[in-house]
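Subject: Structure handover

Hello,

Please find the structure below, for your files. My notes on helix packing and on a pocket follow it.

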Amino acid sequence: MADMSTVLHPTIEAPRLSQKLAARGFDGVTLLVIPAVALLGALFIYPFLYGLMLSFEPKEGGVLTNYVHFFSDAFQYDTIYKTLLLALPVTIVNIGFALPVAFRVRLLKNQKVLTTILILPITLGTVLVAQGLLNYLGPQGWVNRTLLTLGVVDQPIRLIQNYWGVFFSLLITGFPFTFLLILSYVTGIDTSLEKAAATLGANSRQRFMNVYMPLLMPGIAITFCLSFVQAFSVFPSAVLLGAPAGLTRVISIAAYQAAFEEYDYSKASAIAMIMGFVQFAVVLVILAMRGLLYRGPVSGGKG
């Protein structure tokens with residue numbers, strides 16, 4: 001017969017480590033995040049902090065010397081304006097093209113086929129696209145030959161080694177990314193909402209402005225931010241299709257020259273930090289504008 005004291009006072013086992021972690025929210029599923037966090041720290045957080053500290057260690061002068069030199073030299077700080085002059089219009093045009101295309105594609109039966117065709121430029125890469133545009137937009141390219149044959153122009157127009165060559169390259173490489181993001185938001189909206197608005201007498205314009213736009217605004221804002229960051233980091237197109245010493249001397253070229261021509265990695269890090277802070281400032285402005293334009297149940301994510 002079992003001891004009466006054991007029956008009256010059963011032994012309570014100490015909780016295992018897994019139970020202690022689960023009580024604090026660290027269950028098996030949560031632990032799966034650890035590899036991703038470690039990878040993020042190794043590939044982004046540590047390099048960012050290292051670059052930030054390096055930017056305050058100039059070859060000569062005080063800790064802010066690199067930043068003072070950058071903003072006191074018009075040839076350097078103009079690169080911010082030149083980069084914005086490329087990235088912002090390209091982002092706006094890409095969203096302007098992607099929005100109607102996404103609305104049309106969502107209604108097609110062969111949506112996957114057309115989507116695959118539209119995103120093909122992603123597989124080519126910026127260098128291959130730039131090389132193709134050198135031949136396509138060049139003085140003897142198809143565009144100029146067609147215009148000359150039709151009598152539209154008397155002599156070849158210059159579409160490369162200037163602003164427009166880089167603009168078209170960013171447009172081609174950025175559109176698939178923008179289109180996919182917009183399409184994901186458009187297809188996430190229940191079509192019954194549009195049908196209900198049509199039943200109440202709303203025309204196509206009213207349905208778009210009063211039904212779709214409020215639901216799409218969060219998605220458009222996020223798409224704008226991601227597409228802008230992608231365009232702001234332009235480098236190969238600006239070198240191959242633009243004028244690296246002139247109108248398309250973007251800030252990434254300034255960082256490259258500081259690092260690999262002047263071998264001043266501290267200065268290059270400072271320029272990279274400035275580049276990152278400019279992108280961050282634009283993203284904050286866009287997200288703030290999103291909050292001013294629309295506040296509702298879908299203001300924080302996909303409609």
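H6 passes H13 in a right-handed crossing, meaning that the near helix is turned clockwise from the far one by less than a right angle. This is a predicted model, in which local features need pLDDT of at least 70 and side-chain atom pairs count only at pLDDT 80 or more, while totals for chains, interfaces and linings use all residues. Residues are numbered from 1 along each chain as its sequence is written, and side-chain values use heavy atoms, with hydrogens and water left out.

Helix H6 covers residues 74-105 and helix H13 residues 204-232; their axes come within 9 Å and cross at roughly 140°. Helices here are DSSP runs (H or I, at least four residues), numbered from the N terminus. Axes are lines fitted to C-alpha atoms over the stretch in contact, and angles run from 0 to 180 degrees between N-to-C directions. H6 and H13 are therefore oblique to each other (angles under 35 degrees count as roughly parallel, over 145 as roughly antiparallel, 65 to 115 as roughly perpendicular and the rest as oblique).

The contact (heavy atoms within 4.5 Å) includes Leu84, Ile95 and Phe103 of H6 and Tyr212, Phe224 and Phe232 of H13.

H6 also packs with helix H11 (residues 163-186), at an angle of about 40° and with the axes 7 Å apart. H6 and H11 are therefore oblique as well, and their crossing is right-handed.

The largest pocket has a volume of about 280 Å³. A pocket is an open set of points on a 1 Å grid over the protein atoms alone where a 1.4 Å probe fits, with protein on both sides within 12 Å along at least five of seven lines; lining residues have an atom within 4 Å of a point. The volume is the space filled by probe spheres set on the points, which are joined across faces, edges and corners. Phe44, Phe48, Ala272, Met273, Gly276, Phe277 and Phe280 line the pocket. H16 gives the largest share, 5 residues.

Regards

Definitions and conventions: Helix = DSSP H or I, 4+ residues; strand = E, 2+ residues; numbered from the N terminus.
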